[in-house]
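Hi,

Here is the structure I said I would pass on.

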Amino acid sequence: MQRWSKAVASLSAAALLAACAVGGGPAAPEQRARNVILFLGDGMGVSTVTAGRILAGQLQGGPGEDHTLSFERFPHVALVKTYNTDAQVADSAGTMSAIMTGVKTRIGHISVPPAVAHGDCAAALDNALPTLLELAEQRGLATGVVSTTRITHATPAATYAHAPNRDWESDGQLPEAARQAGCRDIARQLAEFAHGDGIEVVLGGGRLAFLPAGTADPEYAAASGVRADGRNLIEAWQSAAEGRQYVWNRAQFDALAAADGDQVLGLFEPSHMRFEADRADDAAGEPSLSEMTAFAIDKLAARGSGYFLMVEGGRIDHAHHAGNAYRALHDLLAFDAAVDTARRMTDAADTLIVVTADHSHTFTISGYPRRGNPILGKVETPLGTQATDAEGRPYTTLGYANGPGHQTPLPDLTGTDTTHPDYRQLATVPLDSETHGGEDVAAYADGPGAQGVGGVMEQNRLFDVMHTALFGATEDGGR
């Protein structure tokens with residue numbers, strides 16, 4: 001574990017956490033869990049949950065509004081403040097770092113404290129914040145990381161890596177000064193992860209950051225590795241310990257058994273995995289988030305030592321950035337199915353499940369539509385008439401405050417199928433990519449220690465809930 005700098009170490013734990021905005025949320029009696037599963041819906045704000053709930057109900061033939069997602073049945077719910085120490089509207093790096101380390105930090109930082117300036121490699125090396133996954137490995141638990149994004153992307157990276165810039169996913173993205181100072185890119189930090197006996201299950205996308213430049217991707221002829229150091233980190237990871245297995249397609253994944261080998265690395269795309277709506281079109285095949293979750297639980301439980309597992313539905317966020325509600329909501333439904341899988345496979349008496357988001361989006365639900373109105377459709381009023389804007393044009397229930405869906409002049413949607421997978425909702429402010437939202441997100445919890453989730457919480461308090469459930473409360477929260 002890397003050391004704290006003198007400046008940070010000179011602070012008491014209480015003073016440091018106070019400086020990093022710890023607070024809020026109820027004090028909870030200690031209750032221990034054998035296992036903890038953290039589900040992170042990237043960009044899954046409250047409006048996304050509401051719209052996803054309605055869509056799920058409508059796909060089952062109901063009006064939708066009265067439907068309940070699996071995690072909405074969890075008995076403990078909180079609102080979570082998402083700001084970074086330097087940003088009113090947060091990004092995934094700073095928010096996931098807060099959840100994984102118990103310390104709020106800057107936007108764009110991966111599990112290093114806010115005292116570290118952006119891009120300051122030397123300070124980051126001296127000030128790595130221990131993550132819950134690292135602590136679990138050091139205490140003999142099994143661990144897993146599952147995501148539909150690149151496994152080096154901000155959310156999964158915050159579980160195992162430390163960097164003052166989230167973009168340092170491969171060595172080609174490291175500045176020369178950082179390379180000379182000894183900083184390692186995020187892919188290399190995963191391949192060389194040295195806590196405990198290593199992460200047991202890693203499943204997601206992002207092969208190219210692990211392959212040397214010029215090395216052809218096994219699935220797409222036009223794609224090739226991006227590493228400038230000439231190293232094949234997949235081979236390096238496999239050779240570092242006995243019993244390690246690597247898979248990159250559906251057939252190989254299906255052939256895996258929880259009892260086979262000690263550790264598994266699955267990288268199913270050169271970059272991010274497919275959106276759920278497009279997953280069936282992948283020629284090499286990709287497992288669903290539920291399937292990856294089920295495999296990870298079986299694999300980790302087979303170790304018999306207890307486990308920590310993080311599962312990210314990462315492409316909810318990406319579809320929102322594209323202004324595409326259809327794919328965002330279908331990825332939310334795939335995420336909900338994974339939560340349901342996990343709860344059915346585990347026992348609430350010994351497994352804490354926490355479901356939350358890192359941040360929200362500028363996604364809105366509006367217009368007084370009738371009960372049961374198609375959530376992806378145009379607004380019909382409770383009187384059964386087509387709602388129109390001030391100039392007589394129909395409009396949709398869903399929209400964005402900014403993003404690539406901006407159009408001038410506004411289009412007439414009369415003949416437009418707004419439920420089509422490729423339809424992009426209108427946006428008020430023109431931007432190439434829609435932005436995150438700054439409002440609170442929800443957290444849902446079930447299992448031992450779940451009562452620690454409640455009220456209005458600072459985001460980094462979720463670390464304390466999970467740490468206490470696994471290891472018991474300590475004066476410094478285990479950091």
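This is a predicted model: local features need pLDDT of at least 70, side-chain atom pairs count only at pLDDT 80 or more; totals for chains, interfaces and linings use all residues.

Let me start with a helix pair: L289, S290, T293, A294, I297 and D298 in α12 meet A334, F335, A337, A338, T341, A342 and M345 in α14. "Meet" here means contact, that is, heavy atoms within 4.5 Å. Helices (H or I, at least four residues) and strands (E, at least two) are DSSP runs, numbered from the N terminus. The residues of this α12 and α14 contact split into nine nonpolar, three polar and one charged.

Residues are numbered from 1 along each chain as its sequence is written, and side-chain values use heavy atoms, with hydrogens and water left out.

Back to the pair. Helix α12 covers residues 289-302, and its axis comes within 8 Å of that of α14, crossing at roughly 25°. Axes are lines fitted to C-alpha atoms, for helices over the stretch in contact, and angles run from 0 to 180 degrees between N-to-C directions. So α12 and α14 are roughly parallel to each other (angles under 35 degrees count as that).

A nonpolar core is a set of buried Ala, Val, Leu, Ile, Met, Phe, Trp, Tyr and Cys residues joined through side-chain atoms within 4.5 Å; buried means under 20% relative accessible area, exposed over 50%, partly exposed in between (1.4 Å probe, protein chains only). Leaving out residues up to four places away in sequence, F335 touches F39, F71 and V355, among others.

Then there is α15 (residues 461-471), which packs against α4 (residues 92-101) at about 30°, axes 6 Å apart. A98, I99, M100 and T101 of α4 and L462, F463 and M466 of α15 make the contact: six nonpolar, one polar and no charged. Eleven of the eleven residues of α15 are buried, and G472, with a positive phi near 90°, follows this helix.

Finally, T68 sits in the loop between α3 and β2 and, at 31% relative accessibility, counts as partly exposed.

Cheers

Technical notes: Ala, Val, Leu, Ile, Met, Phe, Trp, Tyr, Cys and Pro count as nonpolar, Asp, Glu, Lys and Arg as charged, and the others, Gly among them, as polar. Angles under 35 degrees count as roughly parallel, over 145 as roughly antiparallel, 65 to 115 as roughly perpendicular and the rest as oblique.
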